[in-house]
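Trainee: I've got this one open and I'd like to understand its rings. Please start with a single residue and build up from there.

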Amino acid sequence: MTPERAAIDAGDSPPLTPAGWLRLTGRSILLLLAILTCVPAHYVYRLFAYGSPFPKLFLGWAARICGARVRKIGTPLRRDVVFLSNHLSWLDILAEAGASGTAFVAKAELERAPLVGWLAGLNRTVYVKREARMDVASQINAVREAMADNWSVTIFPEGTTTDGQSLLPFKTSMLKLLEPPPPGVMVQPVLIDYGDVAEEIGWTGNESGVDNARRILSRRGSFPVTIHYLEPFSPEDYRGRKAIGARAREAIEAKLLETLGKPLREYRHAVDPVRYTPKGGEPS
């Protein structure tokens, strides 16, 4: 980790250069233009038909405006599917929604991020307070409603964002919607890979959502994002949500090891809401 990245993880907000401000302003204007094009078209479409294509189109455009150059490997199922994905950034939502049209379950902090939270909400993102364990039933109902609207839903079972070099234990409370599985629903593991810039892009440590969005939108150039849609499986073949989560995590870990070409490393940050602490203690 570079000293600059360590400072960001500690919560420091590096000042923007004039060129950075220019990029931030330019991308914000392009996002606004995309909003002014797609959002009215979405609501007009919904007057006459269901299943508007405009949220998917808009979120794909938004990912590209932010610098992501998305490539799909494998075929995402089109409907009646729960995608289980690793998680690095709010950009995951833009990229994966643009690729498949999926709805999402995401941490509540994202909803408060300026513009980004609203953008994600267009595609029926369900915001979950990680500490609200007593409210799991209502959260699951919200996920089922999002799935009925979008035909698919993506869950980030790590419960937080990481650095692209690690994979946390999966939290499977949201997978209770698969106990028992709705008829015909499949589970498809997904790996999102930012390649060499994964650690730079990741929203980790004590960096705020506002600072992260500002940093990404002011970043120079573009970057590759590869979405690997792995072999789907029927949750009926596994006994309960923990077994389903373990099966998906095994597939994602194997593909992540393959893409990195080296062993995974332990995630260095403690994350209290998901009860994760590095084995060596709490470094941040």
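Trainee: Is Phe104 buried or exposed?

Mentor: Phe104 is buried, with a relative accessible area of 0% (buried means under 20%, exposed over 50% and partly exposed in between, using a 1.4 Å probe and protein chains only). Keep in mind that this is a predicted model, where local features need pLDDT of at least 70 and side-chain atom pairs 80 or more, while totals for chains, interfaces and linings use all residues. Residues are numbered from 1 along each chain as its sequence is written, and side-chain values use heavy atoms, without hydrogens or water.

Trainee: OK, and how many aromatic pairs are there?

Mentor: The structure holds six aromatic pairs, meaning Phe, Tyr or Trp rings (the six-membered one for Trp) with centres within 6.5 Å, called stacked under 30 degrees between planes, edge-to-face over 60 and tilted otherwise. One of them joins Phe104 and Phe156, which are stacked at 5.8 Å centre to centre with 20° between the planes.

Trainee: Why does that pair tie together separate parts?

Mentor: Phe104 lies in strand β3 (residues 103–107), whereas Phe156 lies in the loop between β5 (152–155) and β6 (186–193), so the pair links parts 52 residues apart in sequence. Strands here are DSSP runs of E with at least two residues, numbered from the N terminus. Phe156 is buried too, at 7%.

Trainee: Now the tyrosines: why is the pair of Tyr267 and Tyr276 tilted?

Mentor: Their planes stand at 40°, with the ring centres 6.1 Å apart, so that pair counts as tilted. Tyr267 is buried at 3% relative accessible area, and Tyr276 is buried at 12%.

Conventions: Helices (H or I, at least four residues) and strands (E, at least two) are DSSP runs, numbered from the N terminus.
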